[in-house]
Amino acid sequence: MIPMTERNACVACRGKNLELVFDLPKLPITGLYVKKSDPTRTDLQANTSFLYCYDCGQGQISKVVDPQLQYGDQYWFRTSTSPTAKAGIDFFHDYFEKQTQGRTFQSLVELGCNDLYLLQKIRHRAKECVGIDTIWTGKEFVDGNLTVRGTTDDLGKPDLIISEHTFEHLLDPAETLEHLITSAADGALFFMEVPSLE
C-alpha cells in the first residue's frame with residue numbers, strides 16, 4: 001500500500017468528534033490510469049475509511065495520500081478532456097457570471113486550475129490572474145496577464161479567489177483557506193464549490 005497521512009481532527013473545524021461511517025479498503029487512487037487492470041498492484045490502492053464530524057457535519061476520509069505524490073507526474077486527469085468535468089465547470093462559470101455581472105477585478109487567483117479550462121474562460125475579467133495547482137509544482141507558465149504555478153506562495157492581494165472542487169483534495173483545507181483569507185484584499189470575493197454529503 002502507498003504511504004498515507006492519518007487525520008486525527010476534522011479538516012473543517014479541527015474538532016475531534018469524528019465517527020467512522022464505513023471502511024474503504026483498497027480504494028483506487030484518483031486520476032492514475034493504467035493500461036491493464038491488476039488487482040495485485042498495491043501502489044494504486046489505499047486503505048482508508050469515511051468519517052463524519054459531529055461538531056460541524058463535515059464528511060472526510062481518515063487517511064490521505066500526500067497530494068505531491070497523488071497529483072505528481074503520474075496524475076493524468078485533465079479537465080478539458082472530461083465531458084463531466086467541463087460540464088461542472090461550465091455550471092460554476094455560469095453562476096460566477098450571474099453573480100459578478102461583468103465586474104472586473106485587479107487580481108484573480110484560481111486554486112485547483114488543472115489545465116486552465118476555467119481560468120481561460122475568465123482571465124479577461126482581471127488585470128492579473130494566477131492559477132495554482134499541484135500538477136504545476138516545479139513548473140511555471142506565464143502568458144500575458146496569466147501565471148500558473150504549483151504553490152500558493154506570494155499571491156499578492158487578490159480581490160477574487162475561485163476554486164471548483166479542490167478543497168476536498170487538500171491535506172489541510174482549513175489551513176489553505178486561512179492562508180487565502182489572510183492573503184486576500186479587503187472585500188475580496190470568494191467563489192468556492194465543494195461536494196455535499198447530500
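Reader: Before anything else, what's a nonpolar core here?
Author: A nonpolar core is a set of buried Ala, Val, Leu, Ile, Met, Phe, Trp, Tyr and Cys residues joined through side-chain atoms within 4.5 Å. Buried means under 20% relative accessible area, exposed over 50%, and partly exposed in between (1.4 Å probe, protein chains only). This is a predicted model, where local features need pLDDT of at least 70, side-chain atom pairs count only at pLDDT 80 or more, and totals for chains, interfaces and linings use all residues. Residues are numbered from 1 along each chain as its sequence is written, and side-chain values use heavy atoms, leaving out hydrogens and water.

Reader: Ok, so which residues touch the most other members of the largest core?
Author: Those are Leu 108, Leu 119, Leu 160 and Ile 162, out of 22 residues in that core. Helix H3 gives the most, with four residues. Helices (H or I, at least four residues) and strands (E, at least two) are DSSP runs, numbered from the N terminus.

Reader: And what does Leu 160 touch?
Author: Leaving aside residues up to four places away in sequence, Leu 160 touches Phe 96, Phe 105, Ser 107, Leu 108, Val 109, Leu 189 and Phe 191. Contact means heavy atoms within 4.5 Å.

Reader: Switching topic: where's Asn 114?
Author: Asn 114 sits in the loop between strand E6 (105-111) and helix H3 (117-122). Its phi is positive, near 45°.

Reader: Is Asn 114 buried or exposed?
Author: Asn 114 is buried, at 7% relative accessible area.

Reader: What about Arg 14's phi?
Author: Arg 14 is not a glycine, yet has a positive phi of about 65°. Arg 14 is partly exposed, with 38% relative accessibility.
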